[in-house]
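Good morning, colleagues. Please look at the chain on the screen while I take you through its overall build and then two local details.

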Amino acid sequence: MTMYKIQIIPRTLHFKQPAGTSRGIYTTRKLWYIHISDTATGQYGVGECAPLPALSCDDIPNYEEVLARHCRETEVTGTLDYNSLRPYPSMLFGLETALQHLHSGSLQLWHTSFSEGREGIPINGLIWMGNFDEMYHRIEEKMRLGFRCIKVKIGAIDFDKELELLAHIRRHFTPEQIELRVDANGAFSPSDAPEKLKALSQFHLHSIEQPIRAGQWTTMGKLCAQTPFPIALDEELIGVNTAARKIELLETVRPQYIILKPSLHGGLKGASEWITLASQRGIGYWITSALESNVGLNAIAQWCATLNPTLPQGLGTGLLFTDNIDFPLHIKGDCLWFDPTAPAPDLTHYLFA
C-alpha cells in the first residue's frame with residue numbers, strides 16, 4: 001500500500017495593494033500549504049488550503065486542527081474520504097491538488113493545450129472596489145492592456161457613480177468590443193434589486209453576480225425569472241455541499257450562470273458535480289480563483305483547461321502578493337498562459353526555507 005507523509009505549512013502572504021471585497025479590505029492572506037510525499041518513491045506534491053475569512057463555510061477557529069486530522073486519515077488510508085471532506089472545501093481542494101501534483105510529477109497537472117503552452121485561457125480583467133477615481137483608472141488600465149472582458153465590483157460606492165463608470169466605458173467601447181460583467185456581492189436589497197437591474201441593463205452587461213445576499217432562494221428565483229440580463233450565483237453556492245441540496249438550489253433559483261471557486265465550492269470534485277448538475281438544467285458556468293497564491297491558481301487553471309473553456313474565466317489574481325512564489329504563469333493580452341519550458345519553482349525550498 002502506498003505510504004504518504006503529509007506536512008502542513010502555515011503561511012501569511014501580503015497584498016501589494018489592499019484588496020477591497022464585500023467582506024472588507026484584505027491586506028494579508030492566511031493560508032496553509034500541504035506538502036505530501038510518497039515515502040517509497042520520494043515524489044512529492046504541494047496543494048493550497050486557503051479559506052476566505054467570514055466567507056468560506058470552513059472558516060472555523062480550529063481550522064489547522066481539523067486539517068491535520070484529515071491529513072492523518074489520508075496518510076493512513078492513502079485515499080481521500082470525499083464524504084467526510086464535503087463540509088471543508090478548501091481542505092479538500094488542497095489535498096486533492098497536492099495528490100494530483102504528486103501523481104503527475106510536474107506542475108502540468110493534466111495534459112492539455114494550456115499545460116503544453118499552446119493555448120491560453122481567456123480571462124476577465126478584475127476591477128477591485130475603490131473610490132470613483134481609483135476604479136476609473138483601473139478600468140482604463142485594463143482596457144489599455146487589451147482585456148476584452150472586464151468585471152467591475154459594484155456596491156461599494158454610490159450607485160449613481162457606478163452607473164457613471166459603466167456609462168464611461170460604453171461611450172468608448174461597444175458590447176462587441178468590451179464585454180462587461182458586474183459583481184454586486186449581495187449589495188442590493190430585494191425591494192430595490194429589480195429597479196437597479198433595469199438601470200444596469202442599459203449598458204448591455206453580460207451578467208451580474210449575486211445581486212442580493214445569499215440565502216434568499218425564492219426571492220432570487222423570482223429575480224432570475226424576470227431579470228433583463230443574466231444573473232450568476234457565487235456566494236449562494238457556499239455551504240451547499242451535498243448533491244441533493246445543489247439540485248434543490250438549482251431547481252428553486254434557476255440562475256442563468258453559476259460561478260465556481262473550487263476553494264469555496266467543494267474542491268475540484270464538488271465543482272465538477274456543480275457543473276454536471278447545472279449543465280443538465282441548461283445553466284452555464286465559469287471558473288474563478290479566490291485570492292489563492294500561485295500554487296492554488298496554477299491548480300485551478302490546469303483543471304479549468306480540461307473543461308475546454310470558451311467564456312472568459314476569473315483566473316487573473318496571481319499578481320496580487322508581494323511574497324508569492326514565481327510560477328510559469330503569465331498574462332498576455334486577455335489570456336492566462338502556462339510556460340512548460342520555464343524552470344519549475346523549487347517548492348520544497350520555498351516552503352521549508
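Of the 353 residues in the protein chain, 54% are buried. Please bear in mind that this is a predicted model. The accessible surface of the chain comes to about 14900 Å², and carbon and sulfur atoms account for 51% of that area.

In secondary structure, the chain has 11 helices and 13 strands. Its radius of gyration is 20 Å, close to the 20 Å that the globule rule gives for 353 residues, so the chain is as compact as a globular protein of that length. Along the principal axes, the C-alpha atoms fill a box of roughly 60 × 40 × 35 Å. As for the contacts, if we take those between residues at least 6 apart in sequence, 70% join residues at least 24 apart.

Let me turn to one pair of strands. Strand β10, residues 257–260, and strand β11, residues 284–287, run parallel and are joined by four bridges. Between the two strands the chain passes through helix α9, residues 267–279, and this β-α-β crossover is right-handed. Within the pairing, I258 has Y285 of β11 as its bridge partner.

N185 sits in the loop between β7, residues 179–183, and α6, residues 193–201. Is N185 buried or exposed? Its relative accessibility is 15%, and the cut-off for buried is under 20%, so N185 counts as buried. Which side chain does the side chain of N185 meet in a polar contact? The partner is the side chain of K153, at 3.4 Å.

Key:
Residues numbered from 1 in each chain as written. Predicted model: local features only at pLDDT ≥ 70, side-chain atom pairs only at ≥ 80, totals over all residues. Heavy atoms only, no water. Pairing = 2+ DSSP bridges. Right-handed = clockwise from strand over helix to strand, strands pointing away. Rg over C-alpha atoms; globule rule 2.2 N^0.38 Å. Buried < 20%, exposed > 50% of the residue type's maximum accessible area, 1.4 Å probe, protein only. Contact = heavy atoms within 4.5 Å. Areas by Shrake-Rupley, 256 points an atom, 1.4 Å probe, with all protein chains shown as cover. Polar contact = N/O pair within 3.5 Å; in protein donor to acceptor, adjacent residues only side chain to side chain.
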